[in-house]
Amino acid sequence: MKLPTIKSLYGRIFAIFWLTLLLVLIAVLAAQNSDPRQQHTLPTAVKAEFAQLSEKVSTEVSRMHGTLKQKLIRLQKKQPDRKPVKFYFTTLDGELLERGHHGGSRMLKNFTSLADDPEDPMQRLYGKWMLAGPFLIDDGSEQALMYVGKLWRDKPPFYVQILDRPFQLLLVTMVVSTPLLLWLAWAVTRPARRLQAAAERVGEGRFETDPSLEKGPREFVQAGASFNQMVTALNQMISGQQRLLSDISHELRSPLTRLRMANALAIRKQGESTDLTRIDTEAERMEQMIADLLSLSRMQLNSHAEREEFTLKELWETLLQDAEFEAGESGKILVYNTIPEAKIEGNGNLLCSALENVVRNAIKYADAKVDVVFSLSGRELTVKVSDDGEGVPEEMLDDIFRPFYRVSTARDRQSGGTGLGLAITDSAMRQHNGSAKATLNSLGGLTVCLTLKAFH
């Protein structure tokens, strides 16, 4: 089994977990090492001070009469009850003299059983008393051990208090581990955000490979490489589709051209006739349909190649002025409100075609009036184009954005066109992360609502 490395995501998670655990363990051991309630070797300065004290006691008992045990008991009885420093004595065998003094026999027994080497005196806190020892007492003929008890008034160190409170210990552990976990979260989310941004670019129609996706943890490197391979494959597939459409266009236009030439020769020889005129009209319509289909395909494929930043006015104001003139020539009225002071990023030609197709469609089918209403809420731009024509059946409102779709009302083949105008609009909206939706208005006509993202 291959061991996890720091280059992999699961390796980083594994390392962060154990590093955090190790740091907490080191902190706990260090705190225990400094805990006065644990047994520790006496500091050198304190050891020297107590050594001098034991020499003084040895000198004092040497001047007294009796056995060393008797002398030490008498010396111990002389100590004031409330003195902050107490002396305790044991024989070399560990027998405690004056048992039960100050109720401390249990702690004394415990400490004397652990610390019994005068060459290596220890200290430990028991409740409010700090015991230290043993120190050798020698009156010249016998020897005994001395332990010193000192009243402890200091508060335990902060880290010792933390160890005594599980909630605080948990809080400190969280504080210690937070920087490491934040680094881990950053290491995970940074390549994830890059991958998200790349996916959004593809959703907008920009099929671009991104070398930065192949950086970071190994799992994201592999995902980024797969993503770039997918984008490359999509580009190749789209290029193949474009070549196929171009070839089909060429192959269809050649016989259509020959058909129209033959039809023109027939008209020249036989004169005008209804059948020959119909053949020429249908051939012309088919040629226009092929041209529109190729135009739609090129817009879909190349919309990401040229994206610029435009103000809404420079993008659509001239178009609306021309549409206003065209509506007047048809005996109709087109009105539009003030275009918002905002900007939009995208393919200018495609965005112009999107609105132009909707507006011209409304002019064509309106009885008398077309309304174009712009509104901006935050970053959401809405453009509503309404006419007062006959509209379309409600069940067909979603279908009119399909290529070549027609309804059997006033909007049929008698009105001309190829049925690709609204399909181009819908495609343009989707490629700019927007939407196109058709509804029936209060006048019975059609309202097409275009929604896009704009900014100031």
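**Stop 1: the salt bridges**

The structure holds ten salt bridges, a salt bridge being a side-chain nitrogen of Lys or Arg within 4 Å of a carboxyl oxygen of Asp or Glu. Before you click on, note that this is a predicted model, where local features need pLDDT of at least 70, side-chain atom pairs count only at pLDDT 80 or more, and totals for chains, interfaces and linings use all residues. Residues are numbered from 1 along each chain as its sequence is written, and side-chain values use heavy atoms, with hydrogens and water left out.

Helices here are DSSP runs of H or I with at least four residues, strands are runs of E with at least two, and both are numbered from the N terminus. R260 counts as partly exposed at 27% relative accessibility, and E287 is partly exposed too, at 27%. (Buried means under 20% relative accessible area, exposed over 50%, and partly exposed in between, using a 1.4 Å probe and protein chains only.)

R285 is partly exposed with a relative accessible area of 22%, and E282 is partly exposed at 39%.

Now jump to D371 and K369, whose side chains meet at 3.8 Å, N to O, in another salt bridge. D371 is partly exposed at 27%, as is K369 at 39%.

**Stop 2: the inward side of a helix**

Which residues of helix α3 (residues 68-77) are buried? Select L68, K71, L72, L75 and Q76: those are the buried ones. They cover an arc of only 130 degrees around the axis, so they sit on the same side of α3; the arc is that of the directions from the helix axis to the C-beta atoms. For the cover over these residues, color α2 (44-62), β2 (85-90), β4 (129-138) and β5 (143-151), which are among the elements that provide it. Contact means heavy atoms within 4.5 Å.

**Stop 3: a nonpolar patch**

Switch to a surface view and select L19, L22, L23, L25, I26, V172 and V176. Together they make a nonpolar surface patch of about 550 Å². The elements giving two or more residues to the patch are α1 (9-33) and α6 (166-203), and α1 gives the most, with five residues. Patches are made of residues with over 30% relative accessible area and no salt bridge, where like charges are joined within 9 Å and nonpolar side chains (Val, Leu, Ile, Met, Phe, Trp, Tyr) within 5 Å. Accessible areas come from the Shrake-Rupley method with a 1.4 Å probe; for residues, only the protein chains shown count as cover. Zoom in on V176, which lies in helix α6 and is partly exposed at 37%.

**Last stop: the whole chain**

Zoom out. The chain has eleven helices and twelve strands, and buried residues make up 37% of its 456 residues. Its accessible surface comes to about 26,900 Å², 55% of which belongs to carbon and sulfur atoms.
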